[in-house]
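Trainee: I have a new structure open and would like to talk through it with you. Could we start with the pockets and then go on to the helices?

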Amino acid sequence: MNEDEIQRAALMILESIQVVVLTGAGTSVESGIPDFRSPGGLWTKYDPLLYGTYESFVSHPERFWEMAKELNPTLEQAEPNLAHYALAELERLGKCRAVITQNIDHLHQRAGSTEVLELHGTHRTGHCMRCRRLFTLEEMKELSMDNTQVPRCPDDEGTIKPDVIFFGEPLDSRVLSKAAELATTSDLMLVVGCSLEVYPAAALPDYTRRRKGRLVFFNTVATSHDHEADMVCLGKAGVVLPAVVEAYKKLARIA
Ligand code: NAD
């Protein structure tokens, strides 16, 4: 992404009244969390049909917890990166109504964003599938003997399911309708680190576009949806977003 493109993206932010952000796995890659579809991503190692569907979790929860054994330490050690901080700053500047995220890693909140909609839930809590008792990450870790076995509820031996949304599982309808409302009523959506392959999240940019709102995509490589965007910014989110936010501040004459 060159200087002209940074200025153009910054100008779009300046010209917009209601800005909303949609983030995906790519936003956290620079925090050390692999995305799903890039080379070396999670799905190149774990077949999503065996490890990522609700059905597979119910019939073989041990498979998920096997994957979690590898993924959880990465999630626990990850720190927000410059892209998360740039988006938090945009909110403080009054130019981000909310971050709608597909990520489950809590890094936006840790960077300081306060309006965060977690479309795909969070890895930080879980529930017993029988009695719905709530468990914290620490409790799940203890009950899983540090991710070596499926954690079971001490009350009724039910399987504990983390509060992440599996493929084939419905999203929280309140979160989804709030996200749809934000997308529909925004005149600019910044889509960051998102291949737009996973629905219903992938449909949100279209809500903005249909109301004549503009779309700017930030990814490292082109996606099959790039033709829908008003602008495509290629580069690492942790490099590009801080540059765009700085350029916006200059345009808006914010010190
Ligand atoms: P995806 O893996 O399908 O696509 C990632 C996108 O990010 C790609 O377009 C890639 O070009 C881009 N990308 C990679 N590194 C980047 C960087 N440094 N800067 C900017 N862009 C970068 O991810 P998705 O569209 O979010 O969909 C996959 C699903 O995976 C989501 O549902 C999400 O819940 C889940 N997921 C979440 C995490 C997490 O919580 N951190 C991690 C992996 C997967």
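Trainee: What volume does the second largest pocket have?

Mentor: Keeping in mind that this is a predicted model, the second largest pocket has a volume of about 400 Å³.

Trainee: And which residues lie nearest its centre?

Mentor: The lining of the second largest pocket has 19 residues, and those nearest the centre are His127, Lys161, Asp163, Val164 and Ile165. If you look at the strands, β4 (121-128) and β6 (160-164) each supply at least two residues of that lining.

Trainee: How many of the lining residues are nonpolar, polar and charged?

Mentor: In the lining of the second largest pocket there are seven nonpolar, five polar and seven charged residues.

Trainee: OK, helices now. At what angle do α6 and α11 cross?

Mentor: Helix α6 (residues 82-92) and helix α11 (residues 237-251) cross at roughly 25°, and their axes come within 7 Å. Because angles under 35 degrees count as roughly parallel, α6 is roughly parallel to α11. The contact is made on the α6 side by Leu82, Ala83, Ala86, Leu87, Glu89 and Leu90, while α11 brings Ala237, Gly238, Leu241, Pro242, Val245, Glu246, Tyr248 and Lys249. Sorted by class, this contact of α6 with α11 has 10 nonpolar, one polar and three charged residues.

Trainee: Is that crossing left-handed or right-handed?

Mentor: The crossing of α6 and α11 is left-handed.

Trainee: What about α1 and α11, how far apart are their axes?

Mentor: The axes of helix α1 (residues 3-15) and α11 are 8 Å apart, and the two helices pack at an angle of about 60°, which means that α1 is oblique to α11. The crossing of α1 and α11 is right-handed. From α1, the residues Ile6, Gln7, Ala9, Ala10, Leu11, Ile13 and Leu14 meet Ala243, Val244, Ala247, Tyr248 and Leu251 of α11, and by class this contact has 11 nonpolar, one polar and no charged residues.

Trainee: Switching to the backbone, which peptide bond is cis?

Mentor: The peptide bond from tyrosine 199 to proline 200 is cis, with omega near 5°. You can find proline 200 in the loop between β7 (188-192) and α10 (204-210).

Trainee: And what is the phi of lysine 212?

Mentor: Lysine 212 has a positive phi of about 70°, although this residue is not a glycine. To locate lysine 212, look in the loop between α10 and β8 (214-219).

Notes:
Residues numbered from 1 in each chain as written. Predicted model: local features only at pLDDT ≥ 70, side-chain atom pairs only at ≥ 80, totals over all residues. Heavy atoms only, no water. Axes fitted to C-alpha atoms, helices over the stretch in contact; angles between N-to-C directions. Helix = DSSP H or I, 4+ residues; strand = E, 2+ residues; numbered from the N terminus. Parallel < 35°, antiparallel > 145°, perpendicular 65-115°, else oblique. Left-handed = near helix turned anticlockwise from the far one by under 90°. Contact = heavy atoms within 4.5 Å. Nonpolar A, V, L, I, M, F, W, Y, C, P; charged D, E, K, R; others polar. 1 Å grid on protein atoms, 1.4 Å probe; cavity = no way out; pocket = protein on both sides within 12 Å on 5 of 7 lines; lining within 4 Å. Points joined across faces, edges and corners; volume = space filled by probe spheres on them.
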